[in-house]
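The tour goes from one selection to the next.

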Amino acid sequence: MGHPSLEGQYSHSSSLVDNVRFSQQAPIILGAKATSAKINLLPAQQEDPSHYVLLEQLFLSCLQTGDDKSALHCLELLSDRFGPSNERTSGLYGIYEEAVAKGQIGLEKCLQKYDSILSENPVNLPILKRRVAILRSMSKPVEAISSLVEILKAVPTDAEAWCELADLYVAQGMTHQAIFCLEESLLIAANAWNIHARLGEVLYICARSGDETSGQYLVRSIRCFCRSIELCDDYLRGFYGLVMATSPLLDGKQGDTKFKISAAQWEKTIPAATISKLHIFAKRRLEHIIELRSSDHQLWESCQGEIIAAKELLDCLQDTT
């Protein structure tokens, strides 16, 4: 079984643990004796819009955990209410068919179906996004990039699409294009701390190139991480990035050959005292977040990968001091 990208129409950010727990509630939500029969849960005049949001979330979680039967049941209920031709419903049908597709041949059939739908309605945005997701899962990044560029020509205010395009560019080593995309997304979602942190990460990658502009990229990276943690004071990735980006600039390390800028230039850009304070602050906050989330079983399950990576970074810093 395939596992399609599900967040919006691209990817799904919920942890597997969260999805398992939610999908286990399917029998309760759909009815103690869920069947394939179509059920009208509420009279039209008493409809609660949040009920359909819940059904969509349950649909995605069931697919992620392999409960295809419950996922199809959710999809049928949504289709009964909004119709199979509804753009969002058609996008969800696409997700389902991708999930149950058998190998590359099955995905090719899904792609052909998307192309057929788009030949009749070229502006079906959910299907356009599903097409990008399936191209990416089929290891066709160039085609996925081309498709996203076309989507953004039509809908330039789609921050999610800009971020997805940036991710594709990073995977292809096209970091400068990725920076442009993330900057565009921040024009739309200026307070998205996760996007600020992601931009900081890509800028840091550029800084490590060792060319004449690497120092400038590192300064911008530090500023992006600072903005990220300013917007969200417990964002682990933001603090992780700030620790990482300030480490090469601590006393005795300003001459790091990866970053083509002298200590005197650093002092004009970001004073050494400020770098040291930022590093110490970020390190302490990172240690606090690790301790807090490691002691909470639910938090540990939902983000253990990030916690382990943060611990390894701090251990590495201790070994080098």
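This is a predicted model: local features need pLDDT of at least 70, side-chain atom pairs count only at pLDDT 80 or more; totals for chains, interfaces and linings use all residues.

**Stop 1: helix α3.** Select residues 49–64, which form helix α3. At 1.5 Å a residue, these 16 residues should span 22 Å, and the end C-alpha atoms lie 24 Å apart, which agrees. Now colour the buried residues of α3: His51, Tyr52, Leu55, Glu56, Leu58 and the run Phe59, Leu60, Ser61, Cys62, Leu63 and Gln64. After α3, click on Gly66, where phi is positive, near 85°.

**Stop 2: helices α4 and α5.** Select residues 68–82 for α4 and residues 87–100 for α5. Their axes come within 10 Å and cross at roughly 160°. Angles over 145 degrees count as roughly antiparallel, so α4 is roughly antiparallel to α5. The crossing of α4 past α5 is left-handed. To see the contact, show side chains for Asp68, Ala71, Leu72, Leu75, Leu78, Ser79 and Phe82 on α4, and for Thr89, Leu92, Tyr93, Tyr96 and Val100 on α5. Sorted by class, this contact has 9 nonpolar, 2 polar and 1 charged residues.

**Stop 3: α5 and what covers it.** Keep α5 selected and hide the rest. From its first C-alpha to its last, the 14 residues of α5 reach 20 Å, close to the 20 Å expected at 1.5 Å a residue. Which residues of α5 are buried? They are Thr89, Ser90, Gly91, Leu92, Gly94, Ile95, Tyr96, Glu98 and Ala99. Bring back α3, α4, α6 (103–120) and α7 (125–137), which are among the elements that cover these buried residues.

How values were computed: Residues are numbered from 1 along each chain as its sequence is written. Side-chain values use heavy atoms; hydrogens and water are left out. Helices (H or I, at least four residues) and strands (E, at least two) are DSSP runs, numbered from the N terminus. The expected span of a helix is 1.5 Å times one less than its number of residues. Buried means under 20% relative accessible area, exposed over 50%, partly exposed in between (1.4 Å probe, protein chains only). Axes are lines fitted to C-alpha atoms, for helices over the stretch in contact, and angles run from 0 to 180 degrees between N-to-C directions. Angles under 35 degrees count as roughly parallel, over 145 as roughly antiparallel, 65 to 115 as roughly perpendicular and the rest as oblique. A crossing is left-handed if the near helix is turned anticlockwise from the far one by less than a right angle, and right-handed if clockwise. Contact means heavy atoms within 4.5 Å. Ala, Val, Leu, Ile, Met, Phe, Trp, Tyr, Cys and Pro count as nonpolar, Asp, Glu, Lys and Arg as charged, and the others, Gly among them, as polar.
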